[in-house]
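Hi,

Here is the structure I promised to pass on. Have a look at it first, and then read my notes below.

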Amino acid sequence: MISINSLGFLLFLAVLIPLWFSMHPSRRWMLLLAASLVFYLSDNVFGLILILVVSAVVWQAAKHATPGNSHAKRWVLLGVLVSLAPLLTLKYYAMFAGTANQLFHWNLWDGQGLLQPLGLAYFTLQLIGYLTDVYRGNIAPEPVYARVLCFSSLFFSITQGPFLRYGTWMPQLEVPSHFDSHRLWRGSMRMVWGYFKKYAIAERAAVVVSAAFSSPELYDSSQLLFGTVMFSFQLYADFSAYTDIVLGAAEILGLQLPENFRQPFLAATVKELWSRWHISLSQWFRDYVYIPLGGNRRGTVRRDGNLIVTFLASGLWHGANWTYLVWGGLHGVIQAVENHLPWRKRITQFPARILGILGTFAVFVFTFTIFRADSLTDAVTYFRYLFTTPGMDVFSKYWELGLSSRLDLLLLLAGVALLILVDVLHECGIHLRDRIAACPLPVRWCIYECAIFAFLLMGKFFSDGGFLYARY
């Protein structure tokens with residue numbers, strides 16, 4: 001498989017870039033389709049067949065789902081059902097079969113051995129979004145099947161997003177553009193920052209997180225607290241690293257993918273958090289679930305209910321486990337409660353905003369501990385040891401959490417501190433790529449040398465290297 005963080009991907013990109021700029025803009029989508037199919041085929045044939053079939057059905061359904069067609073709703077229903085069927089069968093059957101077996105003592109097949117095609121949850125939602133936009137009259141149905149397939153199989157976003165909209169993404173592919181060395185530099189710098197977050201922060205934090213969550217009974221409260229806080233930073237660094245890499249690669253080609261993160265750990269409320277974290281997913285659920293349910297147009301009780309249902313659906317989308325459903329439900333309930341707090345606006349303004357940021361981060365850590373646990377029972381066990389096992393051995397016995405030396409611990413903390421610092425600078429409107437580009441050439445090369453040294457010193461390169469969100 002061609003993984004985004006592998007050397008193979010860089011070689012893949014090195015071949016794609018000159019081909020891209022050598023082709024006429026009207027044919028570039030064909031090149032992108034071919035590249036996406038090669039990328040997907042490197043994972044498994046079954047997944048490719050599935051995406052070919054589902055895309056074909058949605059393409060045909062969209063052609064008949066235009067406003068004014070008396071049978072439009074039936075075609076939309078067909079397209080949505082065909083899109084969801086593989087997701088419900090391949091991803092969620094095992095969860096419901098296992099639950100039914102436990103509750104009713106049935107003997108249903110537990111779903112072991114079912115394949116999980118690459119990007120199943122992503123291309124499903126993107127195709128539903130395309131079909132819905134056609135039905136609403138926002139875009140015209142695409143007459144060419146291969147273009148719909150190009151949209152649904154895009155290698156940039158097929159594994160972890162960001163989610164794309166057909167009406168804003170596909171027209172970009174035909175906009176005339178030429179190779180730009182400045183754009184190459186900016187895109188490469190963003191990719192480098194993504195690789196740094198992946199290898200210097202996420203991979204090092206993964207060691208601590210795996211140790212803490214695998215055997216919480218072995219650690220004291222300080223170590224378990226450190227483990228769950230590190231999971232929050234691991235997830236953020238890992239997920240945003242992927243986003244930086246693919247957005248940087250797209251920028252080199254002159255394409256603009258939607259931003260997926262905007263300093264989420266500086267949010268002062270949970271509602272604000274979801275306008276900063278996995279932004280494209282939040283917007284998808286807002287536009288295609290929350291608003292169709294009625295949004296906030298039918299009173300406060302209905303609004304709160306719609307919010308909770310939307311986040312329950314978001315939790316279920318993340319995976320076939322009750323932990324995700326509880327996690328999503330909690331985020332929906334907390335936001336519903338926030339809507340009724342008299343100080344909900346004041347907490348977003350300084351100096352109260354500092355308390356809001358700390359409180360929101362605490363909610364994030366708590367709920368994502370449930371998200372990380374293998375089951376609800378494991379989550380309860382983790383919290384039980386977290387709150388009942390005294391001790392302050394987190395820094396004095398760093399080796400118990402898998403860190404090889406005190407330097408290993410210091411590098412992890414330094415990486416997290418750097419991640420926070422960059423986010424704070426971005427929040428203040430200071431963008432490092434712009435500042436570095438404005439420096440004299442000798443200063444820029446000095447910065448590059450220091451960055452290379454820091455990457456080699458802080459990076460943890462000998463791991464499986466998979467991205468966390470690829471499983472969702």
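**Salt bridges, then the core and the surface**

Arg-286 and Asp-287 form a salt bridge, and their closest N and O atoms are 2.8 Å apart. Arg-286 counts as partly exposed, because its relative accessibility is 40%, whereas Asp-287 is buried, with a relative accessible area of 13%. Keep in mind as you read on that this is a predicted model.

Salt bridges that share partners also build a network, which joins Arg-186, Glu-251, Arg-433 and Asp-434. A search of the whole structure turns up 18 salt bridges. One of them is between the side chains of Glu-251 and Arg-186, at 3.3 Å from N to O. Glu-251 sits in helix α9 and Arg-186 in helix α8 (residues 181–214), so this pair ties together parts that are 65 residues apart in sequence. Both Glu-251 and Arg-186 are buried.

Another one to look up is Arg-276 with Glu-427, whose side chains meet in a salt bridge at 2.8 Å, N to O. Arg-276 is in the loop between α10 (270–273) and α11 (279–293), and Glu-427 is in helix α16 (residues 406–427), so here the parts tied together are 151 residues apart in sequence. Arg-276 is buried, at 3% relative accessible area, but Glu-427 counts as partly exposed, at 33%.

Now for the inside. The largest nonpolar core has 128 residues, and the ones that touch the most other members are Phe-9, Phe-156, Trp-169, Met-230 and Trp-277. Helix α9 (residues 221–252) gives the most to this core, with 17 residues.

You'll find Thr-124 in helix α5 (residues 120–136), and Thr-124 counts as buried because its relative accessibility is 0%. Not counting residues up to four places away in sequence, Thr-124 touches Ser-83, Leu-84 and Leu-87.

Ile-49 is in helix α3 and is partly exposed, with a relative accessible area of 47%.

Cheers

Notes. Residues numbered from 1 in each chain as written. Predicted model: local features only at pLDDT ≥ 70, side-chain atom pairs only at ≥ 80, totals over all residues. Heavy atoms only, no water. Core = buried A, V, L, I, M, F, W, Y, C linked by side-chain atoms within 4.5 Å. Buried < 20%, exposed > 50% of the residue type's maximum accessible area, 1.4 Å probe, protein only. Helix = DSSP H or I, 4+ residues; strand = E, 2+ residues; numbered from the N terminus. Contact = heavy atoms within 4.5 Å. Salt bridge = Lys/Arg side-chain N within 4 Å of Asp/Glu carboxyl O.
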